[in-house]
Amino acid sequence: MTARWHICGPLQWRNWGEDWAVYCDASGDTMRLNELAAAALQHLQNQPSDVAALCAASAAALGVRDDGAHRLAIGGFLQRLAEIGLVECRPA
Amino acid sequence: MIVADLSPRELGHWLKGPGLGLRTGPFVARINTDIAAVVEGVRSLYADHEVADPCAFADWNVAMVRPWDARRWYRPQALFLFDGWSPFKPLPMSQALPGLEWGLNWAVASHAHQYLMLHAAAVARGGRAAIMPGASGSGKSTLCAALVQRGWRLLSDELAMIEPASGRLVGLSRPVSLKNQSIEVIRRFAPQAFLTEPARDTAKGDVSLMKPPVASVRQARETVPPAWVVAPRFQAGAALDLEPRSPAEMLIDLGFNAFNYSILGEVGFRVLADLVGRCPCYRMTYGSLDAALEAFEELESQAERPTQGAAPEARQKPAPALAVGGQP
């Protein structure tokens, strides 16, 4: 069984070039994101995903290679978002 | 009618009796006091402010009184009351006037949630406002006082209030609170400014209050659109540095800096995102008021040129993967 990452509530987005801000209605947190993090979170907003699918989708969106460094960045990002209660991992 | 229209006897009657309704921007504060220094402070600092109709609704009823205990006679104290209740401990009598100002700031910051309130000074000229966020000691009140003494309109030295629906700033035009070395700096910079005698050894050090210019008081109810966000930081001897900041970076800082961002929720995010998206944002390090004022003149003249409103290229650090802001 694969675990999937979900966002925990509706998100409000703003972006200025490569600089993004997002507000989570559920937690009241405001975050500043880079393009990579924004692409990953937007993907989860549209579609809960496992890590592999999320890495592939965010790499495709940004035109970067889905390599070890990319997966490490996404993994760290998910961990941090989970700590602040913005995403959670559920069994598929 | 303005406060200056009242004779000292009439002013004393209202302050010591039914309360003086004082209009500051969109608010009416009904003030009571039996403390002579506060009566004199209201007379001198609020001379140009409108006196509200005695029957008018007051947003807050506040008082600065001498408590009925032994401290009425021995090392007298002054107690701030809000609707008859005291949110603070009594202060030494010598701090009664700044204590009233702090109490009025508290009343606004704790209750006026129809606005997004930033811990920031705000000034305006030519129909454009500059918001200057900063913690205590950043130099925002000193810079605000200097700008106001050079013709900028005072909106507030402490509370920048934004109407969520319009994104416009609402002025308070209350006295500017100057602390410690700033008192002498502004005395030298603007000898014509009226400053109260400093209250010594307050929790914030020595505090003196600067009377707002009459033009600012008369315009207090005119809202103005923000045009710049400039976070000042005084550093003795520093050359002026006006460093552009990215909108998202400033949004996070302003969220931390706001009094009620978490209360307003998504509305607060929208207001701040609109603000930083529309206005160029900077961090200004300054070592002299003259250099800082020149920078403001330059910002103003840039805004008047045809490329008006174009945000400068930020010497921008790349966004971190994730930076969390706002209050929990």
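Me: Which residue in β9(B) is the bridge partner of Leu116(B)?

Reply: In this predicted model, the bridge partner of Leu116(B) is Ile162(B).

Me: What makes β6(B) and β9(B) a pair of strands?

Reply: Pairing requires at least two bridges between two strands. Strand β6 (residues 116-125) of chain B is joined to β9(B) by four bridges, therefore the two count as paired. They run antiparallel.

Me: How do you know that β9(B) also pairs with β10(B)?

Reply: Two bridges link β9(B) to strand β10 (residues 169-170) of chain B, in the antiparallel sense, and at least two are required.

Me: Why are both faces of β9(B) called covered?

Reply: A residue is buried if its relative accessible area is under 20%. Leu159(B) and Met161(B) on one side of the strand are buried, as are Ala160(B) and Ile162(B) on the other.

Me: Why is α4(B) called roughly perpendicular to α10(B)?

Reply: The axes of helix α4 (residues 140-149) and helix α10 (residues 289-304), both of chain B, cross at roughly 65 degrees and come within 10 Å. Angles of 65 to 115 degrees count as roughly perpendicular, so α4(B) is roughly perpendicular to α10(B). The crossing is right-handed.

Me: Which classes of residue make up the contact of α4(B) with α10(B)?

Reply: The contact has seven nonpolar residues, one polar and no charged ones. Among the residues that meet are Leu143(B) and Leu147(B) in α4(B), and Leu293(B) and Phe296(B) in α10(B).

Notes:
Residues numbered from 1 in each chain as written. Chains lettered and ligands numbered in written order. Predicted model: local features only at pLDDT ≥ 70, side-chain atom pairs only at ≥ 80, totals over all residues. Heavy atoms only, no water. Buried < 20%, exposed > 50% of the residue type's maximum accessible area, 1.4 Å probe, protein only. Axes fitted to C-alpha atoms, helices over the stretch in contact; angles between N-to-C directions. Parallel < 35°, antiparallel > 145°, perpendicular 65-115°, else oblique. Left-handed = near helix turned anticlockwise from the far one by under 90°. Contact = heavy atoms within 4.5 Å. Nonpolar A, V, L, I, M, F, W, Y, C, P; charged D, E, K, R; others polar.
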